[in-house]
Amino acid sequence: MRVTFDTNVWNRMVFSERSLDSPKYDSLVRIKNAIRSGRVRGFISEGFATVEAISKRNRAKFHAENIPTVEVTPKVQSGGSISMSIEIKANHSQHPGIGEEFEEELDEALAIGIKLLTTPYIGLAVPDRLRNNPHIYAEEVFATAEYNERFGNVVRTIVDRGVGEGALPALAREFTEQLDGPRPAGLSDRALIYGVYEYACTSGLNKYKRQIEKAFAESADGDLVAAHIAFGNDYLCTEDQGRSAVSPSVFDAENRAWLKTEHGVEILNAQQLAHLL
């Protein structure tokens, strides 16, 4: 059985002994033992590191300022013509790292046999802890280009519904409609969102602050779902019900039904998965 785990499950499950007073304790222990024994192959999305490891307060700024580098290399061809190759490179050095808490949780996850799934966006900044250790990823994601292609195709369907990564452009459109004048030319969606977030924090506009924080968290959720589908796992385990009143979610009831119908996604919480085991 292959299971993709959301952060709200795996970071508690790997240290299940810290949840003795939780009604989910027995379920977490059962799942951890199943992974350790090999009965369950467990996977997590690298989105925990590229999005969730960055503090809520800094996410908007990081994603607005983290711009990939573009290298153009000219080459003289026979006959005197010139061709150029363009390479887009992520600026990995800008990523602040995953922090001590995630480091500890990741170490334990890897120790019991969990592997990572990539979120292969062009120019995505990945922290050194992941980038310098390719062995912590599922080997299959690097075998061919098919995983990347499937991931991209699924992301597009999720974005079209305005959830997952699509929550950010949807929010930018909403903010653009509220501007007093025309949106400045060249102002990216993420730069606009960052500007609104900074203003909301200093002005006490908590509604906008929550909207933006939710949009970035939603982008990580969408990436988790896309990685799960692209890799073809059996179950996705999350405690997220998508019940926030702020905006739609890839895990709300309507989108769960769509994921089940369109992509065959089976979503379980920790107790349901433990019962299945």
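Predicted model: local features only at pLDDT ≥ 70, side-chain atom pairs only at ≥ 80, totals over all residues.
Reader: How are α4 and α10 oriented to each other, roughly parallel or roughly perpendicular?

Author: Helix α4 covers residues 56-65 and helix α10 covers residues 206-231. Their axes lie 10 Å apart and meet at an angle of about 75 degrees. Since the range from 65 to 115 degrees sets the class, α4 and α10 are therefore roughly perpendicular.

Reader: Which residues of α10 meet α4?

Author: From α4, the residues K56, R59, A60 and H63 take part. The residues of this contact comprise four nonpolar, one polar and three charged. On the side of α10, the partners are I212, E213, F216 and A217.

Reader: What is the volume of the largest cavity?

Author: The count of cavities of 30 Å³ or more comes to one. Among the residues lining the largest cavity are F5, W10, F48 and L224. At least two lining residues come from each of α1, β2, α3 and α10, and the lining divides into six nonpolar, three polar and three charged residues. The space in the largest cavity is about 60 Å³.

Reader: Is E165 buried or exposed?

Author: E165 sits in the loop between α7 and α8. Leaving aside neighbours within four places in sequence, E165 is in contact with Y121, V159, R190, S219 and D223. The relative accessible area of E165 is 18%, and the cut-off for this class is under 20%. E165 is therefore buried.

How values were computed
Residues numbered from 1 in each chain as written. Heavy atoms only, no water. Axes fitted to C-alpha atoms, helices over the stretch in contact; angles between N-to-C directions. Helix = DSSP H or I, 4+ residues; strand = E, 2+ residues; numbered from the N terminus. Parallel < 35°, antiparallel > 145°, perpendicular 65-115°, else oblique. Contact = heavy atoms within 4.5 Å. Nonpolar A, V, L, I, M, F, W, Y, C, P; charged D, E, K, R; others polar. 1 Å grid on protein atoms, 1.4 Å probe; cavity = no way out; pocket = protein on both sides within 12 Å on 5 of 7 lines; lining within 4 Å. Points joined across faces, edges and corners; volume = space filled by probe spheres on them. Buried < 20%, exposed > 50% of the residue type's maximum accessible area, 1.4 Å probe, protein only.
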